Amino acid sequence: MRKKKAIMIGAGLANMAAAVYLIQEGKWSGDKITFYSLDDHGSNDGSPLKDATDDYWNENHPLENQKGYIARGGRMLNYRTYVDLMDLLERVPSATEANMTAAEDTRDFDAKHRTFDKARLLQGGKGIVDGGHLGFSNKNRLLLTKLIALPDSEEEKLDNVTIADYFKDDPGFFETNFWYMWETTFAFRTKSSAQELRRYMHEMIYEFTQIEHLVGVNRTRYNQYESIMLPLINYLKEQGVNIILDRLVTNWEFKETPMQDEITVTGLSMTNTKTNEEEFVPVDEDTAVIFTNGSITDAASLGDYNTPAPENMDYGAAASLWKKAAERFYNLGNPDKFFADRDASEWVSFTLTTKDHLLLNEITRITTQEPGNALNSFLSTTPITPLNQVDVNMSIVVHHQPHFTSQKPNETVIWGYFLYPRRKGEFVDKQYIKMTGKEMAQELIGQLSKVDPGPVNIKEHEAEILDSIINNIPVYMPYASALFNNRAKSDRPKVIPKHSTNLAFTGEFVEQPYQMVFTEQSAVRSGEIAAFHFAGIPMSRLVKTPRYDKDLPTLMRAAKKMFA
């Protein structure tokens, strides 16, 4: 149903994409679009700590040291599949590079700094593990092949089936090099959806042959805020778009209809989080409402060098609003599947800033590769899972430096995460979730010491490295992997739900044919669909999505790799 104006609930990548497409493809004036959001970046954040936006802070636990940098997550791109994202970035100027679009900026940087990971997996007593040998048994191969071969029309057979359920008769799958790399590249867990794993195996099947080196990974010049979000923000502001921040949308007003199945938003209740004043925004019949219905960084909380990140028990701002709509209408999904099982979704990450390059140089020496090439995952040397299996303790990304435009030449920024934050460290006898920033740095040094091949072990430099740390910020994210939670297809609403006259859903918690979640690709695609729908643009004009899962040479290479 064609509209003339739009209200965006949430100012993350998906809704910003929708706004760009409304302006450029729908020929809308920017002043017809208004954002209401807590922040202007969603989960694609990154900033000097002193400039971090208000949603970071826990009022009951202020940080002691507001120095260094913070990024709750990290983003890796892939040109071959992120076709909608690259189309979007071609439409806006770079925020840092003159006379380049944001896409040209990224391609230029990536061409000069190609990814080739020589140390994807590291294990104590072994050093760099040969990830090229995936480690499959014949049973592993059979089950994985059956998963990949399941046609789209039968995907519902995997409704409410976890990856652990699917491989229940073959637990050895979870000790293959393939699983360690797939698990930590994409943040899958054994409790994650087998349906989503199938989608990844379809859309990323060509990565199967090169995952040990990550050569298919593309990276932005700087962090995801400055290289992806800021170009969009700058462009939209120049177009006259209204971006109203510090607004928490708390409730809906829907049109009352005899059948009670028509979904028409007539008003929004919200709170100004700066003044605590309540506001009501009416929605007329010419206005579309485009809502990002979940966020993987909702309810995130920060610690500091001397304090763990506190555990925030909030359900999440976006998910809470989604739940109110889902309780009213039968076809809007089930947010509890994603936001009521923290054991399946929580992470702890950290952003470490140093005043010199001692730690960076030691990591370079141990892994034999330059910064910007790797996602290093440290395998446990002892069984740590409920099935007494070896698994990954922690993973780090050593970015090309500088990772922030304001970063000084002598500074290093490193990001890392613990996929299972309730497990205990090997060098700090605490659960990861209870570690301070200092203790996480000590755990990292300990993990590096296990695989250090040098005559002088990194442990001998521990005091000097700790002294070089400006800050290390732990971040607890209760919903970081929520988009992978076990589910049925019906648990996520469609971008344009049946019976909706003016409400669309965008982001990582919507159901889109073929698309895999946890990617900028799926976020942009959802915003593009919403924009085309409300601007009256034929869906045939959407960016064409490649299907590598139907490309015979790609499938043959994957089959050959499976038996390597």
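Accessible areas come from the Shrake-Rupley method with a 1.4 Å probe. On this basis the protein, given here as a predicted model, exposes about 21,000 Å². Carbon and sulfur atoms supply 52% of that area. Of the 564 residues, 64% count as buried.

The mean over the protein is 93, and 97% of the residues reach 70 or more. Residues 53–61 form a stretch in which pLDDT stays under 50; for these residues the model has 24 contacts beyond four places in sequence.

The protein contains 16 helices and 18 strands. Its C-alpha atoms fill a box of roughly 75 × 50 × 45 Å along the principal axes. The radius of gyration is 23 Å, which agrees with the value near 24 Å that a compact globule of 564 residues would have. Among contacts between residues at least 6 apart in sequence, 74% join residues at least 24 apart.

Helix H6 was examined individually. This helix spans residues 177–186, and ten of its ten residues are buried, so H6 is largely enclosed by the rest of the structure. The buried residues include the aromatic side chains of Phe178, Trp179, Tyr180, Trp182 and Phe186. Asn177, Met181, Glu183, Thr184 and Thr185 are buried as well. Alanine 187 follows H6 and has a positive phi, near 70°.

Terms used. Residues are numbered from 1 along each chain as its sequence is written. This is a predicted model: local features need pLDDT of at least 70, side-chain atom pairs count only at pLDDT 80 or more; totals for chains, interfaces and linings use all residues. Side-chain values use heavy atoms; hydrogens and water are left out. Helices (H or I, at least four residues) and strands (E, at least two) are DSSP runs, numbered from the N terminus. The radius of gyration is taken over C-alpha atoms; the globule rule is 2.2 Å times the number of residues to the power 0.38. Buried means under 20% relative accessible area, exposed over 50%, partly exposed in between (1.4 Å probe, protein chains only). Contact means heavy atoms within 4.5 Å. pLDDT is the predictor's confidence in each residue, from 0 to 100.
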